[in-house]
Amino acid sequence: MSEAGAGGSRGVPRGPLMSPGFWLHHAALEWRATLERNLRPLGLTPTQFNLLASAGWLGRDGELPTQQQVADMSGADRMMGSKVIRVLEERGLLIRRTDPADARVLRIEITPEGRELARKGVQTAVDTDQQIFGDSGERLRDQLRPIAAHRIPD
């Protein structure tokens with residue numbers, strides 16, 4: 001009996017329109033494009049917003065996160081994170097400080113201006129989620145969380 005005949009369709013090509021990954025990819029592209037449009041009045045790109053908001057989130061307890069922790073939380077790779085954090089620092093939104101225990105490590109402090117812009121960006125992201133996902137947002141988040149959880153730092 002074939003796999004399809006045994007009740008499964010594993011390995012059987014069904015075309016892109018039947019793939020949840022296809023739709024997830026295109027939904028993510030639409031979400032990002034909408035977020036980019038919505039953040040534009042704040043002068044932020046989605047990558048800048050994600051790094052700025054991650055720095056604020058990780059530093060909320062008063063302990064300054066490392067540049068790598070901020071990049072990991074935002075999903076940026078080391079090189080991109082470093083470049084964008086430098087731009088945010090030049091704009092006066094973040095301060096990079098050398099870790100006193102390890103000169104190779106940079107700690108990220110969000111400035112008051114950065115904190116205010118991050119707050120506005122977070123509200124924009126929340127509004128964008130509502131715009132794109134509507135009342136399905138919580139259910140969708142709960143479905144996506146276990147798939148992506150291994151990518152989110154502890």
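**Helices, core and pocket in a predicted model**

Helix 4 has 13 residues, which at 1.5 Å a residue should span 18 Å; its end C-alpha atoms are 18 Å apart, so the two values agree. The expected span is 1.5 Å times one less than the number of residues. Helices (H or I, at least four residues) and strands (E, at least two) are DSSP runs, numbered from the N terminus. The model is predicted: local features need pLDDT of at least 70, side-chain atom pairs count only at pLDDT 80 or more, and totals for chains, interfaces and linings use all residues. Residues are numbered from 1 along each chain as its sequence is written, and side-chain values use heavy atoms, with hydrogens and water left out.

Gly81, Ser82, Val84, Ile85 and Leu88 are the buried residues of helix 4. Buried means under 20% relative accessible area, exposed over 50%, and partly exposed in between (1.4 Å probe, protein chains only). These buried residues pack against helix 2, helix 3, strand 1 and strand 2. Contact here means heavy atoms within 4.5 Å.

Helix 2 covers residues 46-58. Its 13 residues should span 18 Å at 1.5 Å a residue, and the distance of 18 Å between its end C-alpha atoms agrees. Pro46, Gln48, Phe49, Leu51, Leu52, Ala53, Ser54, Ala55 and Gly56 are buried in this helix. The partners of its buried residues are helix 1 (20-39), helix 3 (67-74), helix 4 (78-90), strand 1 (94-99), strand 2 (102-110) and helix 5 (112-133).

In soluble globular proteins, nonpolar side chains tend to be buried together. The largest nonpolar core in this model holds 20 residues, of which Leu44, Leu51, Leu52, Leu88 and Leu94 touch the most other members. Such a core is a set of buried Ala, Val, Leu, Ile, Met, Phe, Trp, Tyr and Cys residues joined through side-chain atoms within 4.5 Å. Helix 1, helix 2, helix 4, strand 2 and helix 5 each give two or more residues to this core. Helix 2 provides the largest share, 5 residues. Beyond its neighbours within four places in sequence, Leu52 contacts Leu44, Leu88, Leu93, Leu94, Ile110, Gly114, Leu117 and Ala118.

The loop between helix 2 and helix 3 contains Thr66. Thr66 counts as buried because its relative accessibility is 13%. Neighbours within four places aside, Thr66 is in contact with Val105, Leu106, Arg107 and Ile108.

Thr34 is located in helix 1. At 1% relative accessibility, Thr34 is also classed as buried. Thr34 touches Thr128, Gln131 and Ile132, with residues up to four places away in sequence not counted. Arg37 belongs to helix 1 too. Its relative accessible area is 43%, so Arg37 is partly exposed. Arg37 and Thr128 lie 91 residues apart in sequence, but their C-alpha atoms are 9.7 Å apart in space.

The largest pocket has a volume of about 2,200 Å³. Of its 44 lining residues, Trp31, Asn50, Asp129, Ala148 and Ile152 are the closest to its centre. A pocket is an open set of points on a 1 Å grid over the protein atoms alone, with protein on both sides within 12 Å along at least five of seven lines; lining residues have an atom within 4 Å of a point. Helix 1, helix 2, helix 3, helix 5 and helix 6 (137-148) each supply at least two lining residues. Helix 1 gives the most, with 9 residues.

How values were computed. On a 1 Å grid over the protein atoms alone, a cavity is a set of points where a 1.4 Å probe fits but cannot get out, and a pocket is an open set with protein on both sides within 12 Å along at least five of seven lines; lining residues have an atom within 4 Å of a point. Grid points are joined across faces, edges and corners, and a volume is the space filled by probe spheres set on the points.
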